[in-house]
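Dear colleague,

I am handing over the structure that I have been reading, and I would be glad if you kept it open beside this message.

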Amino acid sequence: MNFKYPILLAASLLVTSVLPDASPLWGETLGVNQFDPGTIIRKKLANAERLMREQYDFKNARQLIDEVLKIDPDNANALSLLKELNEQVSLARQTEQQLYEDAVAANTLVALQDFISSGQFCM
């Protein structure tokens, strides 16, 4: 065999033989193309849900959901998660407002400083 690029061939053989899980390097993950819209949607929604439930990072969760809805505007899972996110943000804003009003009602600088330093702020 006469290879035009023997070094590249050797390197690709080395990578795939040394790293059995090197398939992501070639665009495949466990036999499912990582660029498949369904795969992208599932990963984005899983990350959005994790951000909402574990980190209360509503801004980045919303961004991921919006990205999914650009791919598939009628995606039921994304729409459901968006509704849940909006409810959580609304509840967080109500809680934030109540904490602020409590700090103002206390009528002390310490209460306001405690509110500000608590980081209880929504998006």
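In helix H2, the residues Pro 37, Ile 40, Ile 41, Lys 44, Leu 45, Asn 47, Ala 48, Leu 51 and Met 52 are in contact, meaning that heavy atoms lie within 4.5 Å, with Phe 58, Asn 60, Ala 61, Leu 64, Ile 65, Glu 67, Val 68 and Ile 71 of helix H3. Sorted by class, this contact of H2 with H3 has 13 nonpolar, 2 polar and 2 charged residues, where Ala, Val, Leu, Ile, Met, Phe, Trp, Tyr, Cys and Pro count as nonpolar, Asp, Glu, Lys and Arg as charged, and the others, Gly among them, as polar.

Please bear in mind that this is a predicted model, in which local features need pLDDT of at least 70 and side-chain atom pairs count only at pLDDT 80 or more, whereas totals for chains, interfaces and linings use all residues. Residues are numbered from 1 along each chain as its sequence is written, and side-chain values use heavy atoms, with hydrogens and water left out.

Two packed helices are described by the angle between their axes and the distance between the axes. For H2 (residues 37-55) and H3 (residues 58-71), the angle is about 160° and the axes are 8 Å apart, the axes being lines fitted to C-alpha atoms, for helices over the stretch in contact, with angles running from 0 to 180 degrees between N-to-C directions. H2 is therefore roughly antiparallel to H3, since angles over 145 degrees count as roughly antiparallel, under 35 as roughly parallel, 65 to 115 as roughly perpendicular and the rest as oblique. H2 passes H3 in a left-handed crossing, a term used if the near helix is turned anticlockwise from the far one by less than a right angle, and right-handed if clockwise.

H3 also packs against helix H4 (residues 76-106), with axes that come within 10 Å and cross at roughly 155°, so that H3 and H4 are roughly antiparallel to each other. Their crossing is left-handed. In H3, Phe 58, Ala 61, Arg 62, Ile 65, Val 68 and Leu 69 meet residues of H4, including Leu 82, Leu 85 and Val 89, and the contact of H3 with H4 has 12 nonpolar, 2 polar and 1 charged residues.

The protein as a whole comes to 5 helices and 2 strands, which run α-β-β-α-α-α-α from the N terminus on; helices (H or I, at least four residues) and strands (E, at least two) are DSSP runs, numbered from the N terminus. Of its 123 residues, 20% count as buried, where buried means under 20% relative accessible area, exposed over 50% and partly exposed in between (1.4 Å probe, protein chains only).

Tyr 56, in the loop between H2 and H3, has a phi near 55° and is exposed, with a relative accessible area of 58%. Asn 107, in the loop between H4 and H5, has a phi near 60° and counts as exposed at 68% relative accessibility.

Lastly, Leu 112 belongs to helix H5 (residues 109-118), and at 30% relative accessibility Leu 112 counts as partly exposed. Leaving aside its neighbours within four places in sequence, Leu 112 is in contact with Ala 103 and Val 104.

With kind regards
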